[in-house]
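Colleague: I'd like to learn how to read strands, sheets and packed helices in a model like this one. Could you walk me through it?

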Amino acid sequence: MSRRTSTLVAAVLLVMVVVGVGTVVRVPFVALGPGPTYDTLGAVDGTQVVAVAGAPTFPTSGHLNMTTVSVNDGVTGLQALGFWLAPDRRLVPRDTVFPPGRSTAEVDKENAEQFTASETNAELAALAELKLPTRATVADVVAGSPAEGVLQQGDTIVAVRGNPVATPQAVADALNGTRPGEPVVVTYRRGDAQQDATVTLGSSPDREQGMLGVHLGVQPATGAITISLGDIGGPSAGLMFALAVVDKLTPGELNGGQFVAGTGTITADGTVGPIGGIPFKMRAARDAGAVTFLVPGDNCAEALQNAPDGLRLVRVTTLASAVDALETLDAGGQAPLCTP
């Protein structure tokens, strides 16, 4: 074999080794990019994302899309190179998404809990915006908790320790001053029957007061709101869920029949908070057809630096401001925009 041939063979073998390693060995990075968007006024796999039963609802049209960020984990060397070259992807250290010492399952569980909390906050904020009376409900019973076998999913909590309650916060307030191991009387309604039960309070590592051992939700005093969207985590869909509830429970089309998308966390009092990954969310929204994007005020600077062409960035700080902005746009006015 000539020197030239042997050099060529060695080079080919080296390339094969590099490619082989690059397709197998994982790097300590994840790739972020635009994720799917979901119309909170529509359905996914035949199920309404936001459904209202037992209360008057009104027709809607257009879109109120929530947006997401995709996360590619287990990235190999060659995949990392491809993501690095892609204009709509960003490589970040894996530890920023999956903190050291915590498993992927633990992070996923936390994200799921945040998503559930965002649903409850969205319902609370929307019902408060509409000034509708509410009731506190049992969304889930913690396995092994004192409430297991006593309370059930779907029960309405009427009173705790003799204090009438209508929201999850009111239930928490009624437990102020209690301690684990203390028995309390809980009045609840199941179906048409109202009854009392004594629950011996459990403990939680993050607070001193006793705990019932249930995850609480909120519903209108009459009727029920159901938010159904699987395999999504984190709290950033809260604003768009709340807007969908408001739109379905009020006459007219909140979005003017247009394609509106957005993002933002929401608290029970309707405050809209900042989120991560807004460049990817805006790109996903524009690719889906959105013309207006609702931006949490604290995200405006980043949004302006990364906004795709043809997307109007509307600045919102509360649920009320988002409703006002959409109504203003529908009337042909100028809503508050993100400005430099």
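Colleague: Let's start with pairing. Which residue of β17 is the bridge partner of Ala53?

Modeller: It is Ala224. Keep in mind that this is a predicted model. Ala53 belongs to strand β5 (residues 50-53), and β5 pairs with strand β17 (residues 224-227) in the antiparallel sense, over four bridges.

Colleague: And how do I read the two faces of β5?

Modeller: Here is the general idea: in a regular strand the side chains alternate between the two faces of the sheet. In β5, Val50 and Val52 make up the covered face, while Ala51 and Ala53 make up the uncovered one.

Colleague: How many residues of strand β1 are buried?

Modeller: Five of the six residues in β1 (residues 29-34) are buried, so the strand counts as mostly covered. β1 is joined to strand β8 (residues 90-93) by four bridges, with the two running antiparallel, and there Val30 stands opposite Val92. Strand β7 (residues 69-72) is also antiparallel to β1 and joined to it by four bridges; in that pairing, Gly33 has Ser70 as its bridge partner.

Colleague: Now the sheet with β2 in it. In what order do its strands come?

Modeller: The order is β2-β6-β18-β21-β22, an open sheet of five strands with mixed pairing. β2 (38-39) and β22 (312-316) are the edge strands: each has a single partner strand, so one side of each has no neighbour in the sheet.

Colleague: Then how should I describe two helices against each other?

Modeller: Two packed helices are described by the angle between their axes and the distance between the axes. For α5 (residues 238-248) and α8 (residues 319-330), the angle is about 60° and the axes are 10 Å apart. The two are therefore oblique to each other, and their crossing is right-handed.

Colleague: Which residues make that contact?

Modeller: From α5 come Leu239, Ala242, Leu243 and Val246, and from α8 come Leu319, Ala322, Val323 and Leu326. By class, this contact has eight nonpolar residues, with no polar and no charged ones.

Note on methods. Residues numbered from 1 in each chain as written. Predicted model: local features only at pLDDT ≥ 70, side-chain atom pairs only at ≥ 80, totals over all residues. Heavy atoms only, no water. Axes fitted to C-alpha atoms, helices over the stretch in contact; angles between N-to-C directions. Parallel < 35°, antiparallel > 145°, perpendicular 65-115°, else oblique. Left-handed = near helix turned anticlockwise from the far one by under 90°. Contact = heavy atoms within 4.5 Å. Nonpolar A, V, L, I, M, F, W, Y, C, P; charged D, E, K, R; others polar. Buried < 20%, exposed > 50% of the residue type's maximum accessible area, 1.4 Å probe, protein only. Pairing = 2+ DSSP bridges.
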